[in-house]
Structures are given as C-alpha cells and as structure tokens.
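Me: Please take a close look at one helix of this model and at what surrounds it. I should like the criteria stated along with the values.

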Amino acid sequence: MPVDLSPSFIKAFEGEVHNAYQRQGSKLRDTVRTRRGVMGSSVTFRKVGRGAAATKARHGQIPVMNVDHAAVECNLRDYYAGEWVDRLDDLKIGGGERDTVAKAGAYALGRKTDQLIAAALDGSTNHAGADTDGLTKAKVLTAFEMLGQADVPDDGERTAVIGWKQWSDLMKIEEFANADYVGAEDLPWRGTQAKRWLGTLWLPHSGLTLSDSVRLCHWYHKSAVGHAAGAEVTTDITWHGDRAAWFVANWMSQGAVLIDAEGVVTMRCLEN
C-alpha cells in the first residue's frame with residue numbers, strides 16, 4: 001500500500017460506507033426484529049405463543065397458561081461487494097471517486113439486506129384477496145381485517161411494504177392521499193415516499209418479488225420477521241501496484257427468517 005494512502009483516508013472511506021448503508025442502503029432493516037453481533041453461522045429467535053387467563057378457587061393454585069415456546073433458526077451468509085479505484089482517476093476528480101465507490105458498495109449491501117428480508121416475508125401464506133387485480137381499497141381492508149383477527153398488535157410497529165405500482169394505486173384512494181382523512185402530518189414524508197395510514201408505516205420498494213406479473217406486497221408486524229447480523233458492513237482498501245489502483249472490498253454477514261407467519265399478510269397484486 002502506498003505511503004500517501006493515510007490511515008485517515010481509510011477511516012474516512014469506512015465511515016462513508018457505513019453512513020451510506022445506514023442512511024439509504026436498507027429500507028426494511030429497521031422495520032423487523034434485529035439481532036446484532038451474532039457469533040457463529042446461525043442464531044435462534046424465540047417465538048412465544050398466546051396465553052389465556054383464568055379464574056381460581058379461593059386458596060387454589062394460580063392456573064398455568066401453558067404458553068407454547070418455539071425456536072426459529074436464522075442462518076447467516078457472507079456477502080461481498082468490491083470495486084477498483086484507479087489512482088489517476090481519483091486524482092483528477094479530487095477524491096470524488098472515493099465517495100462514489102463508497103456509496104455504490106453500501107447501496108449494494110443494503111439492497112442485499114432488503115432482499116433477505118423480502119425473501120423471508122415471501123414465506124407468508126396468508127393472502128388477502130386474489131392476484132387478478134392491483135392494490136385496491138377492498139384488498140387493503142381485507143388485509144387489515146386479517147391482521148386484527150389474528151390479534152397482531154396495533155402498537156405502531158406495523159409496516160406495509162409495497163411496489164411502486166401499488167403505491168400509485170394507493171394514491172388514487174382518497175382516504176390514503178387526502179389530508180382531510182389522514183392529517184397533513186401523515187401525508188408522504190418530505191424527501192422520501194412513506195406515510196402512516198391505518199396505524200401502519202407504508203413504504204414503496206422496488207425490490208419486492210415479481211413473478212408472472214404478480215407483485216408480492218406484505219403487511220407485517222416488526223416481531224414477525226427476524227434479521228441477524230454477524231458482521232456489520234466492513235470495508236478494506238488494498239493497493240495493487242500492477243493495476244495502479246486500490247481495490248475497495250466491502251462485506252457483511254447477515255440473514256433473515258420468518259418468525260411468526262400469523263404476523264404477516266401478503267397482498268398479491270397484478271402489474272399490467
């Protein structure tokens with residue numbers, strides 16, 4: 001590694017990658033249950049069933065709920081994203097290449113994080129409505145009822161992730177788009193397309209599964225899906241004299257799993 005590549009350069013590069021990943025790399029990570037610092041190739045998420053209260057006789061024993069306990073295993077895999085930074089290119093543009101490559105690596109890993117979470121959500125078999133139409137008001141209300149009937153907590157930790165076509169469908173529904181119904185504070189946020197409606201954070205996402213013109217959109221509770229990180233986004237910069245360039249390597253070790261299928265309702269939406 002050449003002497004003019006200072007430790008501060010490397011530290012700044014690593015910071016840019018990390019910040020870009022946290023800020024714009026993944027849209028779904030904060031919407032699910034996350035375990036950090038996992039040691040090993042897998043981690044177990046605990047799933048606790050429902051309990052029921054009952055009466056007891058005077059001086060009798062308190063009844064036991066006999067709550068079901070289950071363990072759901074989440075396997076971690078390693079993912080990499082690398083790029084070359086030519087020494088002369090970096091000089092010509094005043095170091096701007098560093099920022100570009102840092103963001104590119106962070107965004108690539110962020111998309112992979114969301115792919116893992118989306119794949120876990122695809123394991124849901126709770127389908128609201130048919131797959132022969134788009135995201136209609138009727139389909140949304142059916143999903144809303146299914147979540148309620150399953151006693152999925154309405155505690156502000158529900159998320160609905162949909163495709164951009166479905167976002168356009170919702171914008172045609174007055175109850176979703178009109179401030180008279182949802183309030184000005186819950187209209188699409190400035191700087192990003194997201195809003196709260198029906199006690200849920202609605203997010204458009206381009207990376208959801210599309211199969212035979214049917215987009216899988218999901219409405220879920222944070223506790224229903226688990227995401228695990230054994231290694232957070234890490235960066236290494238190595239000089240290669242034969243190429244007169246640095247190789248910037250980014251990597252992470254992550255996984256995702258569906259913990260509670262009852263906490264996810266899938267809305268299958270046809271895209272014409």
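Reply: Helix H4 has 13 residues, which at 1.5 Å a residue should span 18 Å, and its end C-alpha atoms are 18 Å apart, in agreement. The expected span is 1.5 Å times one less than the number of residues. Helices (H or I, at least four residues) and strands (E, at least two) are DSSP runs, numbered from the N terminus.

The model is a predicted one, in which local features need pLDDT of at least 70 and side-chain atom pairs count only at pLDDT 80 or more, while totals for chains, interfaces and linings use all residues. Residues are numbered from 1 along each chain as its sequence is written, and side-chain values use heavy atoms, with hydrogens and water left out.

The buried residues in H4 include Lys139, Val140, Ala143 and Leu147. Here buried means under 20% relative accessible area, exposed over 50%, and partly exposed in between (1.4 Å probe, protein chains only). Seen down the axis of H4, its buried residues fall within an arc of 100°, so they line one face of the helix; the arc is that of the directions from the helix axis to the C-beta atoms. An α-helix has 3.6 residues a turn, so residues three or four places apart point the same way. On the other side of H4, Ala138 and Gln149 are exposed. Just after H4, Asp151 takes a positive phi of about 60°.

The cover over the buried residues of H4 includes E5, H5, E6, E7, E9 and E12, where contact means heavy atoms within 4.5 Å.

The packing continues into the largest nonpolar core, which has 20 residues; Ile162, Leu170, Trp202, Trp219 and Met267 touch the most other members. Such a core is a set of buried Ala, Val, Leu, Ile, Met, Phe, Trp, Tyr and Cys residues joined through side-chain atoms within 4.5 Å. Two or more residues of this core come from each of helix H4 (137–149), strand E5 (158–162), helix H5 (164–171), E9 and strand E12 (264–270). Leaving aside residues up to four places away in sequence, Leu170 touches Leu135, Val140, Ile162, Phe176, Trp197 and Trp202. A second, separate core of 16 residues includes Ala120, Leu201, Tyr220 and Val264.

Rings of Phe, Tyr and Trp (its six-membered ring) pair if their centres lie within 6.5 Å; planes under 30 degrees apart count as stacked, over 60 as edge-to-face and the rest as tilted. By this rule there are 8 aromatic pairs. The rings of Phe144 and Trp219 have centres 6.1 Å apart and planes at 35°, so this pair is tilted. The pair links distant parts of the chain, with Phe144 in helix H4 and Trp219 in strand E9, 75 residues apart. Phe144 is partly exposed at 31% relative accessibility, whereas Trp219 is buried at 0%. Trp197 and Trp202 form a tilted aromatic pair, 5.5 Å centre to centre with 50° between the planes. Trp197 is buried with a relative accessible area of 9%, and Trp202 is buried at 0%. Ring pairs link Phe144, Trp167, Phe176, Trp197, Trp202 and Trp219 into a cluster.

For the setting as a whole, the chain has 7 helices and 12 strands, and 39% of its 272 residues count as buried.
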